[in-house]
Amino acid sequence: MITNKAIQKKPEHKQVMQLQSWYEPALRTLEGLLEIRRANLRKIKGDVKNAAVTRDEFMEMLINDHRISAWYAGEIISSLHRAGQIFMFGRFIKNIEKGDAA
């Protein structure tokens, strides 16, 4: 039987570095989802700046495409938001354009 003493936790800075290593793949996944939304908005002559995806949809794509757990996908999304890499409003997410950072 494995006890808590036998499980070694990584130092916190290593956990943060590991989480940040997922930023680029996650942002590429988000950009792919947003491009689909933009194409749909172009078809109906909508404003492509309004393209956004739901948090659940983004999580599902991270889970399926990158084979990570739902908990870890949520941690990646939260970390991206805290780092100012994505903009979250309600349950919707969009990436922050270079000139849009507030």
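Predicted model: local features only at pLDDT ≥ 70, side-chain atom pairs only at ≥ 80, totals over all residues.
User: Why is T29 called buried?
Analyst: The term applies under 20% relative accessible area. T29 has a relative accessibility of 11%, so T29 counts as buried. This residue is found in helix α2, residues 23–43.

User: What makes the pair T29 and H66 a polar contact?
Analyst: The definition calls for N or O atoms within 3.5 Å, one able to donate a hydrogen and the other to accept it. The side chains of T29 and H66 are joined at 2.8 Å. Beyond four places in sequence, T29 is also in contact with residues including F58, M61 and L62.

User: How do you know that β2 and β3 pair?
Analyst: At least two bridges are required. Four bridges join β2 to β3 (residues 92–95), and the two strands run antiparallel; F89 has F92 as its bridge partner in β3.

User: Why are β1 and β2 said to stand at the edges?
Analyst: The open sheet has the order β1-β3-β2. β1 (53–54) and β2 (86–89) each have a single partner strand, so one side of each is left without a neighbour in the sheet. Helix α4 (residues 70–82) packs on this sheet, touching β2 and β3, and its direction makes about 105 degrees with that of β2.

User: How do you know that the length of α4 agrees with its number of residues?
Analyst: At 1.5 Å a residue, its 13 residues should span 18 Å, and the end C-alpha atoms are 18 Å apart; the two values therefore agree.

User: Which elements do the buried residues of α4 pack against?
Analyst: Those residues, among them Y72, I76 and L80, pack against α1 (12–20), α2, α3 (55–66), β2 and β3.

Note on methods
Residues numbered from 1 in each chain as written. Heavy atoms only, no water. Contact = heavy atoms within 4.5 Å. Axes fitted to C-alpha atoms, helices over the stretch in contact; angles between N-to-C directions. Buried < 20%, exposed > 50% of the residue type's maximum accessible area, 1.4 Å probe, protein only. Expected span 1.5 Å × (residues − 1).
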